[in-house]
Amino acid sequence: MMFFLLISISTKSFADVTLPRLLSDGAILQQGSVLTLWGQADKGEHISLLLNGKEVATSHANPEAGGWQLILPAQKAGGPHRLAFKGRNTVVLNDIYFGEVWLASGQSNMQLPMGRVSDLFSRDIESANDNTIRMFNVPLGYDFNAPATDFQKGSWEKTTPESVTQFSAVAYFFAKALQQKLQVPIGIINASYGGSTAEGWMSESALRQFPFHLNTAKKFRYAPYLDELKQQDQANQNHWYQQLDANDLGLTSTPRWYDTAANDNSWQSISMPMLWPEANLNDRPGSRWLRKTVQLPPQDKDTQGLLYLGRIVDADTVYVNGVKVGGTTYQYPPRRYKIPQGILKAGANTIAVRVISNGSNGGLITDKPYFLKTDNTHIDLHGDWKTKQGTALDPLPAPLFQQYTQPLGFYNAMLAPVQKMQISGVIWYQGESNVSRADEYKKLFPAMINDWRQGWQQKDLPFIFVQLANYLEQQETPQESDWAELRDAQASALALPNTAMITAIDLGEWNDIHPLDKKSVGERLSLAARKLVYGEATLLAQGPTVEKIQAKGTRLIVTFGNTGDGLAIAEEQKKKINDAQGFAICGADGVYYWAQAQIRGNKIELSHPKVSAPIAVRYAWADNPKANIVNSAGLPAFPFQIQLKSR
């Protein structure tokens with residue numbers, strides 16, 4: 001009897017109609033297109049689809065594998081609707097809308113959630129309450145063996161002040177701007193992974209053009225080999241951090257250095273923020289402690305507080321009056337730590353920061369916010385701190401395996417299951433992890449786009465991408481630049497049909513690879529989508545682009561398109577300088593000089609006293625260029641380098 005019961009349970013479980021995670025309650029499905037919906041059932045099982053109680057399609061599950069597909073006729077935008085998939089059991093999906101569905105993908109600047117940019121966009125978060133903007137965050141993962149058919153978790157989330165903090169900031173602002181214009185529901189499938197390379201998002205068939213990357217991915221298919229690498233990395237980390245804690249004087253001394261009773265009178269005084277080498281602290285990797293005492297007025301007794309500590313390289317643990325209030329394990333996130341009630345007091349308050357550096361370039365990043373804030377008081381934390389090294393170690397060994405730098409894995413785990421979904425197009429923000437390989441990227445990136453189009457079986461799938469933002473310190477003289485080369489490689493992908501590019505060359509931060517202004521990025525992507533996909537052919541959706549270059553004696557005349565009513569200096573820079581910046585020209589010797597530039601409508605005249613016969617021009621050709629040309633819509637000109645064919 002027990003045997004029969006087990007067989008019955010097993011058969012029933014196998015026979016159940018099941019759906020992929022993307023087809024779940026709250027989903028937004030593509031409007032205006034015949035849709036293929038899919039799932040699993042018993043072999044040969046009859047499946048019917050009901051839309052709001054009316055049967056609209058039928059099919060049978062595959063007689064060998066049990067997979068099935070149903071064709072849903074094109075639907076108008078709107079909702080909510082009810083979908084029922086009926087076989088031996090019935091699966092009902094509620095709150096389904098039809099609208100525009102976009103895939104958002106790339107690395108950390110696409111993955112970065114609204115919660116990370118809350119300082120700049122707190123009002124946008126507070127007012128985020130839109131039932132017709134929804135996002136599906138694809139769970140992070142990688143797989144070097146085979147394309148996945150579904151995700152282990154994930155759900156469609158409506159826009160609320162609580163949920164939006166986990167939405168991709170770029171994708172949310174893109175969706176919001178698009179929804180306001182189109183007045184239809186917008187669904188975003190966010191498949192992004194911080195640090196990922198372009199080759200990480202390519203299929204095995206596409207990587208055959210790049211044997212080195214394909215062979216790298218294949219090595220990780222041997223589970224014992226991959227496990228050994230991971231285990232060795234974990235062992236190295238465990239040993240290093242054990243040594244760090246065991247030898248850190250700040251943790252082994254009595255009292256410990258985060259304690260208010262610790263005496264820091266003999267510690268070195270230092271002006272913060274800065275990195276250790278800038279402060280002439282020739283530290284080896286390890287830990288260094290910082291302490292600062294601040295005074296709070298009587299009304300701040302037992303108040304809550306907020307502590308801003310900019311960015312710290314590489315990790316930190318922070319204490320206030322001996323109590324741990326926060327910590328961050330890697331260098332990129334902004335340090336914002338809430339101080340609960342009962343820790344702060346009137347009078348002297350001690351802030352102690354344990355900084356852990358994996359290399360020799362640790363410290364606090366400049367041009368970031370450093371302050372303590374209460375309901376009554378704002379204390380600037382720039383300036384004098386006390387410091388002492390806790391311990392010094394050899395560098396933490398470099399990882400033997402870093403999933404975010406590897407080929408194939410993200411395509412298999414995070415992208416392949418999405419390719420059965422009908423989408424309007426792709427928005428893409430990636431390239432930082434390929435910066436040192438611009439020549440290769442010129443081949444990789446178009447190959448990736450074509451690979452995705454083949455995966456969706458849509459040769460003209462719209463693909464809109466972000467040209468990398470300005471980053472790192474500005475240079476006083478024209479120089480070669482890996483970042484400029486990568487931006488140029490990105491632009492070369494525009495040779496593919498049905499592509500568009502927006503630039504973020506004016507939106508970056510010199511000291512942060514993750515600039516906060518994701519709203520402008522998303523809104524620029526929406527402009528490009530409106531022109532490329534939604535028929536607004538005359539929309540001024542992108543910045544100025546070069547149409548023609550002429551040599552006239554000692555001058556070069558550059559004619560631009562996409563200028564609207566003409567070229568101009570970016571508004572925010574007019575108070576500082578009213579001259580066109582960012583142009584460099586060279587003669588036959590190949591030495592570039594910053595050009596004197598004059599705006600003439602949609603043209604710019606360039607010259608320099610040391611260049612009598614210019615043969616080449618560059619604009620915004622630097623890691624972090626001083627470039628300020630925009631069109632009448634305020635959209636920045638694209639970086640470029642062009643050499644005259646003849647002189």
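Tutor: We begin with the hairpin of E15 and E16, which has 2 residues between the strands; there, asparagine 321 takes a positive phi near 50°. This is a predicted model, in which local features need pLDDT of at least 70, side-chain atom pairs count only at pLDDT 80 or more, and totals for chains, interfaces and linings use all residues. Residues are numbered from 1 along each chain as its sequence is written, and side-chain values use heavy atoms, without hydrogens and water.

Student: In which sense do strand E15 and strand E16 pair, and over how many bridges?

Tutor: Strands of a sheet pair through backbone hydrogen bonds, either parallel or antiparallel. Strands here are DSSP runs (E, at least two residues; helices are H or I, at least four), numbered from the N terminus, and two of them pair if DSSP finds at least two bridges between them. E15 (residues 315–320) and E16 (residues 323–328) pair in the antiparallel sense over 5 bridges, with valine 318 opposite glycine 326.

Student: In what order do the 6 strands of the open sheet stand?

Tutor: The order is E11-E22-E12-E18-E15-E16, with antiparallel pairing. E11 (268–272) and E16 are the edge strands, each pairing on one side only.

Student: How many residues has helix H12, and what caps its N-terminal end?

Tutor: Helix H12 (residues 518–532) has 15 residues. Aspartate 517 caps the N-terminal end, a side-chain oxygen lying 3.4 Å from the backbone nitrogen of lysine 519.

Conventions
Expected span 1.5 Å × (residues − 1). Polar contact = N/O pair within 3.5 Å; in protein donor to acceptor, adjacent residues only side chain to side chain.
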